[in-house]
Amino acid sequence: MSGSVLISTAMLQFLAGYMVIVITPGPIALTTGSLASLYGFARMIPLLAGIGVGTAVLATLMAFGAVRLAASLPPPTVEIASAAVLGGMAWRIACMAPPAAAEPPRKLQASLFVGGVLIGFLSPQTASFLAVVFAGMMLPIQNTGDAFLVVAVTTLLGVGWYGFVAAALSRPAVRAAALRRHRAICRGAGFTLALLALASALSALSPS
């Protein structure tokens, strides 16, 4: 990596731009924060791991040719897939029962992991940002090492921020208040995710 322009002002611009994408409230932060406030940080680890895997896969595919592949697909494909995933998660969260005292079963942990992979992989904001990055408009990617560095930084920043959100909202005082309002939080989070899914679907179906 010696002499790479990634260790430069361009890298700082990339980091600043991506952090804006990450910290802007969206489906991933909403899902992570609302569930962490009800179920605690430890139970969100499978979700966070899934988000990391989904983000890493998305970034890797974008780095190694997915930009060209996506250009050959119908434009609404990603938006429709994203809307479907958000709609499914909205329904699941809205119907969640109050958390039990025991640790969640393996089936629930696996479900959270899969959900995390899907929302990480189908994030239209991250995909759009990475398309700009890997097209060379922000970072002139010069070799495979540069590409993998961007993938690693993207994944770590995202998981780090969502982990921070989960940890902050799983504090005992926050959890106690959230548990008293379990139904309202679940329905509110589900409704918001449903609106985001609707917006994604309408964007995909609207004429360009």
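Author: A nonpolar core is a set of buried Ala, Val, Leu, Ile, Met, Phe, Trp, Tyr and Cys residues joined through side-chain atoms within 4.5 Å. Buried means under 20% relative accessible area, with a 1.4 Å probe and protein chains only. The model is predicted: local features need pLDDT of at least 70, side-chain atom pairs count only at pLDDT 80 or more, and totals for chains, interfaces and linings use all residues. Residues are numbered from 1 along each chain as its sequence is written, and side-chain values use heavy atoms, with hydrogens and water left out.

The chain averages a pLDDT (the predictor's confidence in each residue, from 0 to 100) of 77, and 74% of the residues score at least 70.

Helices are DSSP runs of H or I with at least four residues, numbered from the N terminus. Just after H2, Gly40 has a positive phi of about 90°.

The largest nonpolar core has 28 residues, and Leu35 and Tyr39 are among those with the most contacts inside it. Helices H1, H2, H3, H4, H5, H7 and H9 each supply at least two residues of this core. H2 gives the most, six residues.

Beyond its neighbours within four places in sequence, Leu35 is in contact (heavy atoms within 4.5 Å) with Gly40, Met44, Leu47, Ile93, Met96 and Leu112. A second, separate core has six residues, among them Leu58 and Leu130.

Note on methods
Buried means under 20% relative accessible area, exposed over 50%, partly exposed in between (1.4 Å probe, protein chains only).
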